[in-house]
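Welcome! Shall we walk through this one together, a question at a time?

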Amino acid sequence: MKVTVLHGSPRRGKNSDTLAERFLDGLNTSGKHVVEHFYINELPITPCQGCLSCAKPPHNCKIQDGMQAIYKAYRDSDLIVWASPMYWGYLTAQLKIVQDRMEALAWSGFEDKTFAVLFTYRHHYQSAAGMFERISPHFNIDLHILECCTYDPETRLDIPIGELPEKLEEAYMLGVELSRL
Ligand SMILES: Cc1cc2nc3c(=O)[nH]c(=O)nc-3n(C[C@H](O)[C@H](O)[C@H](O)COP(=O)(O)O)c2cc1C
């Protein structure tokens, strides 16, 4: 299986990256998959300019930047992993820019994928989950959402994800489940 992982956090190796890592461990129980990682924060990606060039055939985005590699990986992949912390109730700005630029794929190529959406958050992830739930039927996406709260409301302190083994296990098991696709 070909897999594209979109890492939305600017914090490499922290909560959402760790959740993605455990998910991939589970996926790899069925053998090695071809996995391409994109750490969005480290890529030069311009926000969508709304020029609507992509609305005209051949529906390509005319901005030549880091997004072109993501278009290719996305088109070639069966499974797309969206791993992001919640920032103000939504994907990080980095990943939102990627999502906007996917307008070019919305004309052709966005559809018929499996999505594993892995969110880490303190208080709220539902707005972002709602967006994926709303678009998935339209694009025939097989949607799987896993959320992980990394906050203790009693102490009002963040919990490093390493201290939440049951959630890491859930991510692993989701990987195992999707490895059977
Ligand atoms: C700028 C900023 C905004 C945040 N906004 C939210 C939010 O709106 N809702 C929420 O539940 N958590 C929010 N958080 C908490 C993060 O989503 C949470 O700590 C997450 O686990 C961090 O994941 P990471 O380690 O992969 O970066 C915010 C964190 C930061 C730095």
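Predicted model: local features only at pLDDT ≥ 70, side-chain atom pairs only at ≥ 80, totals over all residues.

Me: Are helix 1 and helix 6 parallel, perpendicular or oblique to each other?
Reply: Happy to start there! The axes of helix 1 (residues 15–27) and helix 6 (residues 165–179) come within 6 Å and cross at roughly 40°. Angles under 35 degrees count as roughly parallel and 65 to 115 as roughly perpendicular. Helix 1 and helix 6 are therefore oblique.

Me: How do the residues of the contact of helix 1 with helix 6 divide into nonpolar, polar and charged?
Reply: On the helix 1 side, the contact includes Leu-19, Arg-22 and Phe-23. Helix 6 contributes Leu-168, Tyr-172 and Gly-175, among others. Sorted by class, the residues of this contact come to 9 nonpolar, 4 polar and 4 charged.

Me: Which elements give two or more residues to the lining of the largest pocket?
Reply: This pocket holds about 440 Å³ of space. Its lining has 19 residues, with Asn-15, Pro-85, Arg-122, Thr-150 and Asp-158 nearest the centre. The elements giving two or more residues to that lining are helix 1 and strand 4 (114–121).

Technical notes: Residues numbered from 1 in each chain as written. Heavy atoms only, no water. Axes fitted to C-alpha atoms, helices over the stretch in contact; angles between N-to-C directions. Helix = DSSP H or I, 4+ residues; strand = E, 2+ residues; numbered from the N terminus. Parallel < 35°, antiparallel > 145°, perpendicular 65-115°, else oblique. Contact = heavy atoms within 4.5 Å. Nonpolar A, V, L, I, M, F, W, Y, C, P; charged D, E, K, R; others polar. 1 Å grid on protein atoms, 1.4 Å probe; cavity = no way out; pocket = protein on both sides within 12 Å on 5 of 7 lines; lining within 4 Å. Points joined across faces, edges and corners; volume = space filled by probe spheres on them.
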